[in-house]
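Morning, everyone. Please bring up the model on your screens, and we'll walk through it together.

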Amino acid sequence: SPPKIPPNSTLKFDVEVLGWKGEDLSPKKDESIVRFIIESGEGYSTPNDGARVEVHLEGKYNDTVFDDRDVWFTLGEGSEANVIDGIEKAVEKFKKGEKSKLIIKSKYAFGKEGNKEFNIPPDATVEYTVTLTAFEKLKESWSLDSAEKIEQAKIFKEKGTNYYKDGKFSLAIKLYKKILTYLDADSNQSDEKKSLKLSANLNLSLCYFKLGEHFDVRQTATAAIELDPKNVKAYFRRGQALVALGEPELASKDFATVLDIEPNNAAAKAQQALCAKVLKQQLQKEKKDLRKYV
């Protein structure tokens, strides 16, 4: 920049760091999970959903250590090892050997209830220093042949069923969804695969019903019906979801289909009677509302 700075000059700058920001790893980029790398990891590979990982955790709240341990767990099932969601989501971005500080807001930490054991109040932000010691990636569906996909789907089904029996419906849903992810990716849709997909959708509809997620019940029950147009459980569960969603007329049709397949199904008869009662109440209300404007 002549004439003040001549060509080939060596320049010296004094730089003062006024602040810095970490890397936002939160799904919605709302800074609810922020990473500051302390020691970089090696290579390029990172754990995937379902991978087995070994980490060292040091959790702090108000500069007091409340969690200090080594732990193996499966990504996606960290709650079984008392690992919070924020750590699970962050570790998917870690390389082997990486050590990072994570600032995790309550939505991915201990939520609105806090943690009485660790004296962490509701809506608290916590800090974790996490080291990824080792991991074993779960094989991606594209890397498996048809027989291997079926075997993996059976493993997911067994784990999901065990979680369901323990009342851990959200974890069960994750496993049942993986069955569909693995099997939907295969163009060779054998009878065994269709049977596993049917079972996964039926089990998903049941888990969603337990959680009161009626839109999801309807969706997964419908997927089951597409696989088996005469499946009584699928029609019944979709009918229950439609009742909860305020669609008694559509629900009645599903219960009628159940009775076409199983004429003596007492539960479907009871639900149909309920639909008729609700429809009658709706009609009476509509007539009453109409009189107001006549």
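Predicted model: local features only at pLDDT ≥ 70, side-chain atom pairs only at ≥ 80, totals over all residues.

Let's start with a pair of strands. Strand E3, residues 52–61, pairs with E4 in the antiparallel sense, over ten bridges.

Next, a loop. Between strand E5, 99–104, and strand E6, 126–136, you'll find alanine 109. Is alanine 109 buried or exposed? Its relative accessibility is 16%, so alanine 109 counts as buried; the cut-off is under 20%. What does alanine 109 touch, leaving out residues up to four places away in sequence? Ile84, Ile104, Ala124 and Val126. Now look across to asparagine 8. Alanine 109 and asparagine 8 are 101 residues apart along the chain, and their C-alpha atoms are separated by 54 Å.

Last stop, two helices. H4 covers residues 191–211, and H6 covers residues 232–244. Their axes come within 10 Å and cross at roughly 25°. That angle is under 35 degrees, so H4 is roughly parallel to H6. The crossing of H4 and H6 is left-handed. Who meets whom? From H4, take Leu202, Asn203, Ser205, Leu206 and Phe209. They meet Lys233, Ala234, Arg237 and Gln240 in H6. By class, this contact has four nonpolar, three polar and two charged residues.

That's the tour. Thanks.

Note on methods: Residues numbered from 1 in each chain as written. Heavy atoms only, no water. Axes fitted to C-alpha atoms, helices over the stretch in contact; angles between N-to-C directions. Helix = DSSP H or I, 4+ residues; strand = E, 2+ residues; numbered from the N terminus. Parallel < 35°, antiparallel > 145°, perpendicular 65-115°, else oblique. Left-handed = near helix turned anticlockwise from the far one by under 90°. Contact = heavy atoms within 4.5 Å. Nonpolar A, V, L, I, M, F, W, Y, C, P; charged D, E, K, R; others polar. Buried < 20%, exposed > 50% of the residue type's maximum accessible area, 1.4 Å probe, protein only. Pairing = 2+ DSSP bridges.
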